[in-house]
Amino acid sequence: MKRRTAILISGRGSNMAALIAAARDPAYPAEVVLVVSNRPDAPGLALARDAGVAATAIDHRPFKGDRAAHEAAIQTALRDAGVEIVCLAGYLRLLTPLLVDAWQGRMLNIHPSLLPAFPGLDTHARALAAGVKLHGCTVHLVTQAVDEGPILAQAAVPVLPGDTAAMLAERVLVQEHRLYPVALQNMAEGREGLPASREAALLNPGPRPADA
Ligand code: GRF
């Protein structure tokens, strides 16, 4: 039985699309049964519907700052859909204990840095400013402390000379789309403690072609 999974988004939805694509494989242990966006204009909603996945907007604005009431509406939608695992994928709202506690150990997030480095926003620009030579992405369990939950999987990319934040973001995003489906697979199979894959690490600088 595939584990019933929901994805919470706020925007583009490229990680959501990667999860939906992975879940199409009959052998994949999770199915995406619902996508929820807090923004009715999120492009990811149309992407999900085009892929045949139920997608709904639960706009936070009518709740006028009552975060718990907004989350209660989301929680009702998740329960109604029989959801077992929740993936945050570019969901740009701080969560309250209502959702965090309800989904403890069963809610994942993807963050565009090698946590614990660069929690929060503008991770790529901050990585460039810090001069790190490796950057990447992390899938972690969601806890009340933002970007601090137990790390489930990471993928690294090199920071290259001349990189802009946009170039680095693009390189990281390729790995996000590989990593998140693997992390969800591990979670759905009850193997969340295992590393994502043996290939998910790079060294920078790597060997020059002549030395390789
Ligand atoms: C991704 O970089 C993700 O790591 C971060 O927000 C971005 C969402 O992009 N949490 P998308 O909506 O999945 O395309």
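**The ligand site**

Mentor: An oxygen atom of the ligand lies 2.7 Å from an N or O atom in the side chain of Glu176, a polar contact in the sense of a pair of N or O atoms within 3.5 Å. The protein covers 84% of the 360 Å² of accessible area that the ligand has on its own, with areas taken from the Shrake-Rupley method with a 1.4 Å probe. This is a predicted model, in which local features need pLDDT of at least 70 and side-chain atom pairs count only at pLDDT 80 or more, while totals for chains, interfaces and linings use all residues. Residues are numbered from 1 along each chain as its sequence is written, and side-chain values use heavy atoms, with hydrogens and water left out.

Backbone atoms take part as well: a polar backbone atom of Gly13 is 2.8 Å from an oxygen atom of the ligand, and a polar backbone atom of Ile110 is 3.0 Å from a nitrogen atom of the ligand. Around the ligand, with a heavy atom within 4 Å of it, are Arg12, Gly13, Ser14, Asn15, Gly90, Ile110, His111, Pro112 and Glu176. This shell divides into 2 nonpolar, 5 polar and 2 charged residues, where Gly is counted among the polar ones. At least two shell residues each come from α1 (14-23) and β5 (107-111), elements that are DSSP runs (helices H or I, at least four residues; strands E, at least two).

How values were computed: A polar contact is a pair of N or O atoms within 3.5 Å; within protein, one must be able to donate a hydrogen and the other to accept it, and residues adjacent in sequence count only if both atoms are side-chain atoms.
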